[in-house]
Amino acid sequence: MDLNKYETAIFANGCFWCSEAIFQKINGVKEVKPGYIGGKTENPTYEDVCTGLTDHAEAIEIIFDNKLLSYQELLEVFFATHDPTTLNRQGNDVGTQYRSEIFYTTKDQKKQAELFVKTLNEENIFEKRVVTKVTEATTFYFAENYHQNYFNNNPEKSYCAMVISPKVKKFEKFFQEYVTK
């Protein structure tokens, strides 16, 4: 793998099944893996994280080709596909594990993310202030195997059909230029 070609982005924006399904569709994204980050427990399990006691967020690690896709473009998708104004919740998912947080892996990512949040708030893009935190990435723990590629492996499950599928369709409609053909 050409390390100069690929970069890593880590986003927490609610249910990692939804986020994974959306970011997998983007041209230039090589890989998306759901997992946990930002907590105090080593090697947390899904059950641990769901208690809210580990301080981890459900997140996705995105490996992307920075020659085909910019970090700025990923930020655009990130903020457009969840509600960054709600603290510790996305829809019916409530708890610190569902917070909106960007875990930067480079100083440039930190600068871009902080400027993006500042601009959204200064220009009142949302009706409420953006509460997304920008934090240096710590250890990212990959989620259990059954969480990997969840939407694609389980399209018939009710959560996938009723929640994830409409989000993916909305993303594909509004971000046609980003979608892998």
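UniProt positions are given in the numbering used here, feature names are shortened, and annotations may be inferred rather than shown by experiment. The model is a predicted one, in which local features need pLDDT of at least 70 and side-chain atom pairs count only at pLDDT 80 or more, while totals for chains, interfaces and linings use all residues. Residues are numbered from 1 along each chain as its sequence is written, and side-chain values use heavy atoms, with hydrogens and water left out.

View 1. In an unreviewed entry, UniProt lists C15 under "active site". C15 sits in the loop that runs between strand 1 (6-13) and helix 1 (16-23), where helices (H or I, at least four residues) and strands (E, at least two) are DSSP runs, numbered from the N terminus. With a relative accessible area of 8%, C15 is buried; buried means under 20% relative accessible area, exposed over 50%, and partly exposed in between (1.4 Å probe, protein chains only). When neighbours within four places in sequence are left aside, C15 is in contact with E58, D93, Y98 and Y159, contact meaning heavy atoms within 4.5 Å.

View 2. A disulfide is a covalent bond between the sulfur atoms of two cysteines, and the criterion applied here is a pair of cysteine sulfur atoms within 2.5 Å. The structure holds zero disulfides. C15 is in no disulfide, and the nearest cysteine sulfur to it, that of C18, is 4.0 Å away. For C50 the closest cysteine sulfur is in C15, at 10 Å, which is too far for a bond. C50 counts as partly exposed, because its relative accessibility is 32%.

**View 3. The packing of helix 1 against helix 6.** Two packed helices are described by the angle between their axes and the distance between the axes. The axes of helix 1 and helix 6 come within 9 Å and cross at roughly 35°; axes are lines fitted to C-alpha atoms, for helices over the stretch in contact, and angles run from 0 to 180 degrees between N-to-C directions. On the helix 1 side, W17, C18, A21 and I22 take part, and they meet Y159, V163, I164, K167, V168 and F171 of helix 6. The residues of this contact between helix 1 and helix 6 divide into nine nonpolar, no polar and one charged, where Ala, Val, Leu, Ile, Met, Phe, Trp, Tyr, Cys and Pro count as nonpolar, Asp, Glu, Lys and Arg as charged, and the others, Gly among them, as polar.

**View 4. F174 in helix 6.** F174 lies in helix 6, which covers residues 158-174. F174 counts as exposed, since its relative accessibility is 53%. From F174 to I164 there are 10 residues in sequence and 16 Å in space, C-alpha to C-alpha.

View 5. N43 has a positive phi of about 50° although it is not a glycine. N43 is found in the loop between strand 2 (29-37) and helix 2 (46-50), and is exposed, with a relative accessible area of 57%. N88, also a residue other than glycine, has a positive phi near 60°. N88 is placed in the loop between helix 3 (71-80) and strand 4 (89-90), and counts as partly exposed at 23% relative accessibility.
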